[in-house]
Amino acid sequence: MSADFIHLHTHSHYSLLDGMSKPNQLLKRCADYDMNACALTDHGAIFGLLDFSMQASKTGVKPILGCEVYVAPTSRFDKSAKSAKESCNHLLLLCESDAGYHNLCKLSTLAHLEGWHYKPRVDAEALEEHREGLIASTACLQGRVPQLLLGGQLDEAEKTLDQYIGIFGRDNVCIEMMNHGMPEQDKVNPLLWELAEKHQIMAIATNDSHYLDREDAEAHEVLLCLQTKKTLDDPDRMRYPNDEFYFRSPEEMRGRFARWPEAVTNTVRIAERCNAVIPTNLGLI
């Protein structure tokens, strides 16, 4: 691959009432940036992957199939949580192979039919059973590892990371680092890097893109109001902390991660491994 950075954590409008970017817009922007691959990792859903793949086939950009899944803290059958935040943490999954795509489909089905409680959730048991062909990453600040690090629970964070390594294998787990100018990320990123070095796993730089351009942040706030049935003047409404959740250029990502340049180039190494293809020629009418 010629690019030195690939977006591996990207939301489209298939992250319903949360993402704004359309797949064709994302892929056009990839072409503008000379970025020859891109992942789509919508929240808890994979129904945008076919559209994304078909659009990508017209552009020459390699589609990387994925999902930011919701993971129940105990069992997916446990519905005792009193809020969406309490009911799950985030985990990023990328399909390395066709088997990985089939397993992601199975996980999505289980999440919706068995695990639904505020969100469609999987659990450690489901991940263990359907792990083949998948690469896992620790996700955003709502991932369990970053959450534990923010809470000062370093031992528990390590135990969680060890659990992921036990499920997916050391070569198939990544530490995910983000920099949206948030103090929480300033605190957790050095700790995440240390974890990656200690456990000898890759750290990757991602940007949690929810809209295409910085200027779209205001429209995105309106979208969140629709999702949560709030108004813009409601002081208690759900909101993102700033306007940094857009589809950054490789140059911007290199600048944001100047302290950890390897986390930027590692995205290319992961992208090169991800070659799952959605079967479309099945002879069906």
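Two strands count as paired if DSSP finds at least two bridges between them. With that in mind, let's start in the sheet of this predicted model. Strand β6 (residues 173-178) runs parallel to β7, and the two pair over 5 bridges. Within that pairing, methionine 177 stands opposite alanine 205 in β7. To get from β6 to β7 the chain passes through helix α8 (residues 183-199), making a right-handed β-α-β crossover.

Strand β7 (residues 202-206) is mostly covered, with 5 of its 5 residues buried. Met202, Ile204 and Thr206 point one way from the strand, while Ala203 and Ala205 point the other way.

Follow the chain onward and you meet arginine 214, whose side chain forms a salt bridge with aspartate 243 (3.0 Å, N to O). This pair links distant parts of the chain: arginine 214 sits in the loop between β7 and α9, and aspartate 243 in the loop between α9 and α10, 29 residues apart. Arginine 214 also bridges to glutamate 244, with the closest N and O atoms 3.1 Å apart. Shared partners join Arg214, Asp243, Glu244, Arg248, Glu252 and Arg256 into one salt-bridge network. Glutamate 244 counts as buried because its relative accessibility is 11%, under the 20% cut-off.

Elsewhere, glutamate 114 and arginine 76 form another salt bridge, at 2.8 Å between the closest N and O atoms. Glutamate 114 lies in the loop between α4 (98-113) and β4 (121-122) and arginine 76 in the loop between β2 (62-71) and α3 (84-87), so the pair ties together parts 38 residues apart in sequence.

Finally, look at the surface: Leu16, Leu17, Phe47, Val222, Leu226 and Leu232 form a nonpolar patch there, with about 570 Å² of accessible area together.

Key: Residues numbered from 1 in each chain as written. Predicted model: local features only at pLDDT ≥ 70, side-chain atom pairs only at ≥ 80, totals over all residues. Heavy atoms only, no water. Patch = residues over 30% accessible without salt bridge, like charges linked within 9 Å, V, L, I, M, F, W, Y side chains within 5 Å. Areas by Shrake-Rupley, 256 points an atom, 1.4 Å probe, with all protein chains shown as cover. Salt bridge = Lys/Arg side-chain N within 4 Å of Asp/Glu carboxyl O. Buried < 20%, exposed > 50% of the residue type's maximum accessible area, 1.4 Å probe, protein only. Helix = DSSP H or I, 4+ residues; strand = E, 2+ residues; numbered from the N terminus. Right-handed = clockwise from strand over helix to strand, strands pointing away.
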